[in-house]
Amino acid sequence: MAKNIYTHSIDLERKIIKNAPREIFAQSLKELPYRGYEVEKIADGTSIVITKPGGKSVFGRPKKEDFLVYIYNPLQNTLWQITHKQIFEDIQNKAEEDATQTKQLLSLLERVQNGEDPDDFIDEINALKFNQGELPETLLKVYKWIWGQEDVNYPNGEGRKMSWRSLLELRDKL
């Protein structure tokens, strides 16, 4: 899988924002000042990082509350702007390896999609063991922030619903 990785140093502020229902989480994100934030730590030493503003434009007008979501590797000084397609392909590969564990992963993703914070059920996440792809913890925490980004950009929930729909279809096939 080709990754859109940027090698660059970044000055980050550590920020902890618990997941919450869509409207509440989106409001917390709108209140963030412009800059880079380390918002999640991952067990493998990487982090989830957001930068605000993100640069999205609609009809030529910038969305001032937009932000970008990255997986940051401090050892390699890289920022990976992971995409829905890359996450979906990773989960599809996991399904080919172990359908039962992938169903559990998708159930945990649904909990995040519904506003639960991954750190609140980290033991269930860490119980999942796959031989390939990203850590389940990474996928859950990065989606928390991607969905938050979609909540800011599409306040009626359509963004989050579009990405979740393909994951539901995959779960129904398992």
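In this predicted model, Phe-25 and Trp-145 are both buried. Because Phe-25 belongs to helix 1 (residues 22–30) and Trp-145 to helix 5 (residues 136–153), the pair ties together parts of the chain that are 120 residues apart in sequence.

An edge-to-face aromatic pair is formed by Trp-147 and Trp-164, with 6.0 Å from centre to centre and 85 degrees between the planes. This pair likewise links distant parts of the chain, since Trp-147 is located in helix 5 and Trp-164 in helix 6 (residues 158–173), at a separation of 17 residues. Trp-147 has a relative accessibility of 0% and therefore counts as buried, and Trp-164, at 7% relative accessibility, counts as buried because its value falls under the 20% limit. Together with Tyr-143, the residues Trp-147 and Trp-164 make up one aromatic cluster.

Helix 5 also packs against helix 2 (residues 84–97), at an angle of about 145 degrees and with the two axes 12 Å apart, and the crossing of helix 2 past helix 5 is left-handed. On the side of helix 2 the contact is made by His-84, Ile-87, Asp-90, Ile-91 and Lys-94, and on the side of helix 5 by Leu-139, Val-142, Tyr-143, Ile-146 and Glu-150.

Asp-117 is situated in the loop between helix 3 (99–113) and helix 4 (122–126). With a relative accessibility of 3%, Asp-117 counts as buried because this value is under the 20% limit. The side chain of Asp-117 reaches the backbone nitrogen of Asn-19 at a distance of 2.8 Å. When neighbours within four places in sequence are left aside, the residues in contact with Asp-117 are Ile-17, Lys-18, Asn-19 and Lys-144, so that Asn-19 figures both in this set of contacts and as the partner whose backbone nitrogen is reached by the Asp-117 side chain.

Terms used:
Residues numbered from 1 in each chain as written. Predicted model: local features only at pLDDT ≥ 70, side-chain atom pairs only at ≥ 80, totals over all residues. Heavy atoms only, no water. Helix = DSSP H or I, 4+ residues; strand = E, 2+ residues; numbered from the N terminus. Buried < 20%, exposed > 50% of the residue type's maximum accessible area, 1.4 Å probe, protein only. Polar contact = N/O pair within 3.5 Å; in protein donor to acceptor, adjacent residues only side chain to side chain. Contact = heavy atoms within 4.5 Å. Phe/Tyr/Trp six-rings, centres within 6.5 Å; stacked < 30°, edge-to-face > 60°. Axes fitted to C-alpha atoms, helices over the stretch in contact; angles between N-to-C directions. Left-handed = near helix turned anticlockwise from the far one by under 90°.
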